[in-house]
Amino acid sequence: MAAAKTTAKKAKSATEEKKIEVSGTAETKKAAAKKNSVRATASKTNYDKKKILFVASEATPFIATGGLAEVIGSLSCALAKNNNFDVRVVIPMYSDIKKELRDQFTYLGNIYVHLAWRNQYCGIFQYIKDNVTFYFIDNEFYFKRPGCYGYYDDGERFAFFSRAVLEIMPFLNFYPEVMHCHDWQAALAAIYLKTNYCFRKEYQFTRALFTIHNIEYQGRFSLDLLSDLFDIYGSYQYLVEYGNSINLMKGAIECCEKFSTVSPRYAEEIKNEYFAHGLDPIIRRNEFKLCGILNGIDDVGYSCENDEHLFANYSPEDFSNKAVCKKQLQKMLNLPQKASTPVISMVTRLAAHKGLDLVTTVIEEILQEDVQFVILGTGESHYEGYFKDLARRYPEKFSANIVFNGDLSRKIYSGSDIFLMPSKSEPCGLSQMIACRYGTIPIVRETGGLYDSIKPLKNGYTFTNYNAHDMMYVVKQAIFDYKNKEEWEKLMYRAATTDFSWRNSAKAYEALYLDMLK
Ligand code: GLC
């Protein structure tokens, strides 16, 4: 305990600027004065920077179940690189975070967090990476379990997490100007700020930005839990109540200063019933504070030139080694090693909104063409069974890989020719951008971020209606175009050189933060 306190003190004092005692000879005085002035400049620039705190339930490289983690990891890094903001991130300390990483975390200390009648231990760990400070909220009762979500007490786990986020601020002496909360698991941080903390002096300048990565998951709970679990006064019930239950996403939208989605198109779409999973009236009512910013990807991590997972590396200027990637992939998946047969791939969660019913409707007709089809992903068991059966019936043409495997995904992105993503809805989608980076041509449905990132004939193929035969027509067109090697290579070049970095989007977030601080 005493040791813990000392470490905490040390960490705190490290952030404070301390003057060097000026004593001794003229030489040492000079040196000390120089050192002090360097420190003064450093502290001034740091002091000048506005503070941003990301609040999220996952972040790469620590823990990831989907695109959210990649965005938290890579956007925070891009913002820190621009050096205009002091960027920090807070996530729960799950036991699934790899030991190699956990071993490098610094224990800063612990506090106790009140939540209604509960009083829970909250350890605070820190890790600094690429100029971003990551904090981890430790409580083994809540987070020492396999995976991140899907427990009966998820509401309580993320209420504790959100409350802890606000409670660690005095401990760290860090009150961000913008608390950027992501998805329903962090929604309560925005709600608590508005209903409680903003009345305290230290928190008066903190504003909440809430980003919706997927409106399907809203965090709905029984109204009975309002005070007993979520610790929200009855007078604030109207903020979180929706459809006769507690809806945390709705609460965050009401309480935040601004809210955003991960593509401009999705920001428009969720005003409609078809996309909003019941929240469209709330979105429309709060439309004045909504905007959409397209996600980027980590374009250094996803690069055909440097990716160590690939069978061979290549570049947009010289795609010749992509043929090696394709041949080795075909070999690995027991498909005939035919260079001239286009390989279509899907790397996806096997969930209905990914457009899998379109695929199952016409796949057998597509397989009549000279084509090979590779699918990678896990999900709903009926899709898993369907694709396994298809692979059994078409062993020379269809490969079903019902696993979650990062290494294989990169081998598939690079070793295939066409990438299919026919989502029914897609807030942003990262896979279509990753495919492009490897010179693999995406075919997407025009929705959400797919619409914003892929433009017909510029860097891929698109279709408008959620219709299996519309999709099949475009797939057949791509198979046909693939034979025209010269034009196809030009298309590959345009796709691989499309700018999907965070450069523009990070600037858009910076402008949004500044706008919020006006
Ligand atoms: C969610 C969305 C996906 C988006 C990702 C990152 O997983 O479903 O479209 O790319 O979040 O924002």
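Domain bounds here come from an automatic or database domain assignment. For this protein chain, that assignment gives domain 1 (46-296 + 505-516) and domain 2 (322-499). Residues are numbered from 1 along each chain as its sequence is written. The model is predicted, so local features need pLDDT of at least 70 and side-chain atom pairs pLDDT 80 or more, while totals for chains, interfaces and linings use all residues.

Start with the two domains. Their C-alpha centres lie 33 Å apart. The contact (heavy atoms within 4.5 Å) takes 17 residues from domain 1 and 17 residues from domain 2. Together the domains bury about 1,300 Å². Buried area is the accessible area (1.4 Å probe) lost when two parts are put together, summed over both. Of this area, 60% is on carbon and sulfur atoms. On the domain 1 side, Arg-265, Tyr-274 and Leu-294 supply 34% of the area buried against domain 2, more than any other three residues.

Now turn to a pair of helices. Helices are DSSP runs (H or I, at least four residues), numbered from the N terminus. Helix 15 (residues 356-366) packs with helix 20 (residues 468-481) at an angle of about 45°, and their axes are 9 Å apart. Axes are lines fitted to C-alpha atoms over the stretch in contact, and angles run from 0 to 180 degrees between N-to-C directions. That angle makes helix 15 oblique to helix 20. Oblique is what remains after roughly parallel (under 35 degrees), roughly antiparallel (over 145) and roughly perpendicular (65 to 115).

Which residues make the contact? Helix 15 uses Leu-358, Val-359, Thr-361, Val-362, Glu-365 and Ile-366. Helix 20 uses Ala-468, His-469, Met-471, Met-472, Val-475 and Lys-476.

How values were computed
Heavy atoms only, no water. Helix = DSSP H or I, 4+ residues; strand = E, 2+ residues; numbered from the N terminus.
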